[in-house]
Structure formats: structure tokens, C-alpha cells
Amino acid sequence: MGAGTVARRALRSAVLAAVVASVGVAAVPAASASAKTSSAPTVVLVHAAWAHPPSWSSVASQLRRHGHPVVVADNPLRTLAGDAAFIAGVLKGIEGPIVLVGHSSYGGSVITNAAAGNPDVEALVYVAAFAPERGETTFALGTRFPGSLLPASLVPLPFMRAGGAIGVDLYVNPLLYAAVLAHDVAAREAAAMAAAQRPVTLAALTEPSQAPAWRRIPSWYLVARGDRALPPAAQRFMAARAGAHAVEVSSSHSVPVARPKAVAQLILAAARPAAAPPPAAPRGAWLRVSPPTFRAARSGPSVKAAAARTGGRVSYTLDAAAVVRFTLQRLTPGRRLGGRCVRAAPRGRTRTRCSSPVQLRSSFTRRRPAGRDRFTFTGRLAGRSLKPGRYRLVATPIAGGRVGMPARAGLRIAP
């Protein structure tokens, strides 16, 4: 073999090594290829604002050692809808079950929207992250609970968008980065994180979230007790609202860097049900509200007392562990015409009384094992008193992405 051939091969090897090193942990195509040859769920990691893909390096390494293909997506941090669409596109290129993980306020908001409508996402993992409800913004949810040092540490920097519009990027003051986000990370590493931080736009943080994926997908939540950016009280509130399996660790907001083993263990716990064969669709055996009549709460200082006096016991049974979503339908009186229930009908036609259900937007969920469950229903929904009238409470069990048979019970709100 000539010296020229050896030199050319050495040069090609050096170039290839440089490309691999530059792609590093965020090599989505390579991770996707390995997903096709493995039966284990693929774990997709979405980084936070003021972070970048290498923040997942230690967590990704531990997941790969347990046989999971890993994709570390590069979160654009531009707009919530656009970023969620980008991550949704990454998910569509993966075959088989997926465990979707989001870190921090914005990473959690993105996965909440990106998983919508994707049946392959079988678990959501929130790592000190936001789990917003429909209509909530990342910014508003971040200020709902006191104690965050993040707002005072942000530095706005205007930039020009395509077309000449002005946008605003938000950075964390590098002098405050470690104290706010990474106080338990080694000083040299925290300084490198501050220097490499990726800004998020103000528009992304103030954009309303859409229908939350955690309402249909089982979720897990890691609460960082030492978090100075997202108060632990806020994290516990969102974990409880989503019905998530929650664990707590002593850590700063930068949990994937400070406590990678704890993060990997929670993801592995979420991946175990995703790797198992999907369970049969559960069914609610029956649903009963006793007493079925509630009195509408009055306005003014007696609202709380009136609501407390209208509590009723709701009972139902499940033949499999499931997340049960409860919705309310208002039954509006009507007349049956041509097989349909309408509010009015032409005169001279045969008319029979009927009730037309109108779905109310708010709902709530309970994560329960198989068997009988009871809870108290106050005759209120999303903190608001219901108008007098006839209603139907609907319980829909969901397990492993499968929707079971709904159970229904009638109730009445009296004036």
C-alpha cells in the first residue's frame, strides 16, 4: 500500500472522528437507527431553556447501558407551537414505543404539546418541569407560586425576526446562573453551562399551551427539593394535577447534571410499563353519585360553605389499573325529530321529549388501581359553581393508551 493511500485513509478517519465528536449526544439519526433494532422503548430527551443537548449526556449514557435507544432532541426555544411541532416530527421518525422526557419549565411545556395525538408515546417524564393545562402559559405558571429567583436573573436581548419584526431573547445573567440554576454543580461545570446557555424567546414563554398530553398518557414527575428557579410547591402541584408517579430528590434545578442517576432511575421506571404488552382496555363497571342532587353555591362569602354542604360520594369500580378522566355533560331539554334530539321542532310533527348532552370543557383525572374507588364530588367543576340544571357525570378509564368503556351517572344542580 502506497504512502499516499495511507495518508488519504488517515485523513478520512480523522474527518469522520471530528464529525462524530461534533454531533455527540445529540445524534438523532444514529439514535433513531438503533431504535429500530431494539425492543426496548426509545427514550427522547428534551432539554430546557438556558440549556443545550449535552446537559443530558450522563443520563443518556446510563439509559443506553440499560439497553434503551436514546434520542436527545435539539429544542429550538423559539415558539411553543413551533417547538412542539419540531419535537413531534422527531417522534414520528421513531418506530415502537416512546418515553418522552422534558426538563425544566419550558422543556415540560414542549413535551406536553408535542405528544398530542401520537399513540406511540406511552409515558411522559417531567424532570423539575412544567406540566401546563390548556390555556396556561409558561410565564404565568412560573409566577403562580412564590419563591423563584429566576425572573430577577433574566436579561432581555432584542433581536430582529425574519420580515423585520422585533423579538426578545431571554438569557440568565451568567453571574447568577450557578446560584439560581446550578448551585450544587461543580463551579467549573456551572460556569461552562452559563457560557453555553441557549436563550428562549419571550414569545415562547407567553404562548398558551394546548390540550395537555398528560390527560391521556401516564406520567412520572421528579421534584427537585432544592430548586430555586421552579418552586418545589409548584412542582408538587403540577405532579398531583397530572396524576403523576412522583419522586423527590435533593437537587438544584439542573437535575440531569447534578443527579443523573436519580433521573435515569425514574425514566427506567416509566419505561418498564411501556415495554410491557399493552393491557386490555379497562372498563368502569358502574358509576354512582349519592346523593345525586346538589345545591348551587351562592355568590359572596357563603360560596365556600355552600359548596362544602353539597358534597356527594362518587363510587365506581375498575377491572384494571387506569387513569380515570371525569367530565361533565349538561343535559339540555329537547324534542326528538328524525332520530335526533333538537331544541325545537316544526309543529304538526310527532315529538317526544329527550335530553341533548353538551360537553363542558373542564375535567379532572384520578389514577387508581383495579377495584373499587370512592371520592367526594362537591357539585363544582374547576373551582366554579355549576348552573342549576340536569347533568351527567362521565368516567372514562384509560390504560396503556387504550380508552375503556365510559360509565355515566346522572345528577342535578338545584337552585
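Which strands form a hairpin with five residues between them?

**View 1. A hairpin and its turn.** The hairpin is made by β5 and β6, and in its turn G163 has a positive phi of about 95°. Strand β5 covers residues 154-160 and strand β6 covers residues 166-172; their pairing is antiparallel, over seven bridges. Two strands count as paired if DSSP finds at least two bridges between them. Look for F159, which stands opposite G167 in β6.

A note before the other views: this is a predicted model, in which local features need pLDDT of at least 70 and side-chain atom pairs count only at pLDDT 80 or more, while totals for chains, interfaces and linings use all residues. Residues are numbered from 1 along each chain as its sequence is written, and side-chain values use heavy atoms, with hydrogens and water left out.

**View 2. A parallel sheet of six strands.** Follow the open sheet in the order β2-β1-β3-β4-β8-β9, where the pairing is parallel. At the edges are β2 (70-73) and β9 (245-249), each pairing on one side only. On average, neighbouring strands of this sheet are turned by 15° against each other, direction ignored. Such angles run from 0 to 180 degrees between N-to-C directions, with axes that are lines fitted to C-alpha atoms, for helices over the stretch in contact.

**View 3. Strand β2 and its partner.** Strand β1 (residues 42-46) pairs with β2 in the parallel sense over four bridges. Two bridge partners to find are V43 with V70 and V46 with A73. Both faces of β2 are covered: V70 and V72 are buried on one side, V71 and A73 on the other. Here buried means under 20% relative accessible area, exposed means over 50%, and partly exposed lies in between (1.4 Å probe, protein chains only). Helix α3 (residues 57-65) lies across β1 and β2 and runs at about 160° to β2.

View 4. Is S104 buried or exposed? S104 counts as buried because its relative accessibility is 2%. Beyond its neighbours within four places in sequence, S104 is in contact with A48, V127, A128, A129, F130 and H253. Contact means heavy atoms within 4.5 Å.

**View 5. Two nonpolar cores.** A nonpolar core is a set of buried Ala, Val, Leu, Ile, Met, Phe, Trp, Tyr and Cys residues joined through side-chain atoms within 4.5 Å. The largest one has 53 residues, and those with the most contacts inside it are W50, L100, Y106 and L124. Helix α4 (residues 80-92) gives the most to this core, with five residues. A second, separate core has 28 residues, including V43, W56, A60 and I267. In soluble globular proteins, nonpolar side chains tend to be buried together. Leaving aside neighbours within four places in sequence, the contacts of Y106 include A49, L77, L80, V200 and L205.

View 6. On a 1 Å grid over the protein atoms alone, a cavity is a set of points where a 1.4 Å probe fits but cannot get out, whereas a pocket is an open set with protein on both sides within 12 Å along at least five of seven lines; lining residues have an atom within 4 Å of a point. Grid points are joined across faces, edges and corners, and a volume is the space filled by probe spheres set on the points.

**View 7. The largest pocket.** About 730 Å³ of space lies in this pocket. It has 23 lining residues, of which E133, R215, R361, S362 and S363 are the closest to its centre. Helix α11 and strand β15 (352-368) are the elements that give two or more residues to the lining, and β15 gives the most, with five. In α11 (residues 232-241), the buried residues include P232, M238 and R241. After α11 comes G243, whose phi is positive, near 65°.
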